[in-house]
Amino acid sequence: MANGSSRGMTARPIEQHGPLARLARAGLKLPIHFYRYVISPVIGPRCRHLPTCSQYALEAIDKNGAWKGGWLTLSRLLRCHPWGTDGFDPVPDLRGERHRFAPWRYGRWTRRQMDLSVEKVKDNQKFKG
């Protein structure tokens with residue numbers, strides 16, 4: 001191809017995707033907003049991470065799209081329990097990653113994977129600043 005990529009493997013900003021992608025993102029974000037504004041005020045704050053699980057989910061879907069953001073959200077929700085992980089857990093930027101036949105690889109399922117994501121964020125901040 002002219003830009004050096006093969007088969008569309010370059011990461012495009014999420015804003016450039018079509019109306020179907022926007023609809024998928026909105027469909028995934030609707031239950032999150034319902035939880036944030038209806039359920040969470042009743043049960044109170046319970047998240048063990050920063051950002052909270054609902055903030056993480058919204059950011060993951062906005063940054064990485066519905067498919068990858070959905071897997072990231074699922075992995076985060078499954079880690080958020082009394083015996084799970086806690087602490088700072090930023091949303092990784094996975095726009096350049098492709099796991100066509102193994103989509104669960106987008107998730108951050110363990111403390112080790114979470115710590116690697118935090119290290120990447122810190123390295124990027126050092127590089128920029």
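Me: Accessible areas come from the Shrake-Rupley method with a 1.4 Å probe, and for residues only the protein chains shown count as cover. What is the accessible surface of the protein, and what part belongs to carbon and sulfur atoms?

Reply: The model is a predicted one, in which local features need pLDDT of at least 70 and side-chain atom pairs count only at pLDDT 80 or more, while totals for chains, interfaces and linings use all residues. Residues are numbered from 1 along each chain as its sequence is written, and side-chain values use heavy atoms, with hydrogens and water left out. The accessible surface of the protein is about 8,800 Å², and carbon and sulfur atoms hold 61% of it.

Me: How many helices and strands does the protein have?

Reply: Helices (H or I, at least four residues) and strands (E, at least two) are DSSP runs, numbered from the N terminus. Here there are three helices and two strands, and along the sequence they give the pattern α-β-α-β-α.

Me: What percentage of the residues count as buried?

Reply: Buried means under 20% relative accessible area, exposed means over 50%, and partly exposed is in between (1.4 Å probe, protein chains only). Of the 129 residues in the protein, 31% are buried.

Me: And the contacts, what share comes from residues 24 or more positions apart?

Reply: A contact means heavy atoms within 4.5 Å. Among the contacts with a separation of 6 or more, 72% are between residues 24 or more positions apart.

Me: Which residues form a nonpolar patch on the surface?

Reply: Patches are made of residues with over 30% relative accessible area and no salt bridge; like charges are joined within 9 Å, and nonpolar side chains (Val, Leu, Ile, Met, Phe, Trp, Tyr) within 5 Å. A salt bridge, in turn, is a side-chain nitrogen of Lys or Arg within 4 Å of a carboxyl oxygen of Asp or Glu. In this model the patch consists of Phe34, Tyr35, Tyr37, Val38, Ile39, Val42 and Ile43, which together have about 690 Å² of accessible area. Phe34 belongs to helix 1 (residues 19-43) and has a relative accessible area of 48%, so it is partly exposed.

Me: How many salt bridges does a search of the whole structure find?

Reply: The search finds six. One of them joins the side chains of Arg48 and Asp86, at 3.7 Å from N to O. This pair connects distant parts of the chain, 38 residues apart: Arg48 is in the loop between helix 1 and strand 1, and Asp86 is in the loop between helix 2 and strand 2 (87-88). Arg48 is partly exposed because its relative accessible area is 30%, and Asp86, at 35%, is partly exposed too.

Me: Asp89 and Arg76 also meet in a salt bridge; what is the distance from N to O?

Reply: For Asp89 and Arg76 the distance is 3.3 Å. Asp89 sits in the loop between strand 2 and helix 3 (111-128) and Arg76 in helix 2, 13 residues apart, and the pair links distant parts of the chain. Both Asp89 and Arg76 are buried. Another salt bridge is that of Arg95 with Asp93, whose closest N and O atoms are 2.7 Å apart. Salt bridges with shared partners also join Arg76, Arg79 and Asp89 into one network.

Me: Over the face of which residue does Arg76 lie?

Reply: A charge sits over a ring if NZ of Lys or CZ of Arg is within 6 Å of the ring centre and within 35 degrees of the ring normal. Arg76 lies over the face of Tyr56, 4.4 Å from the ring centre.

Me: How is a pair of aromatic rings described?

Reply: Such a pair is described by the distance of the centres and the angle of the planes. Rings of Phe, Tyr and Trp (its six-membered ring) pair if their centres lie within 6.5 Å; planes under 30 degrees apart are stacked, over 60 edge-to-face, and the rest tilted. The count here is one aromatic pair. Trp67 and Trp71 form this edge-to-face pair, with 6.0 Å centre to centre and 80 degrees between the planes. Because Trp67 and Trp71 are four residues apart in helix 2 (residues 53-79), about one helical turn separates them. Trp67 is exposed, as its relative accessible area is 54%.

Me: Which residues does a cis peptide bond join?

Reply: The cis bond joins Leu50 and Pro51, with omega about 0 degrees. Pro51 is in the loop between strand 1 (49-50) and helix 2.
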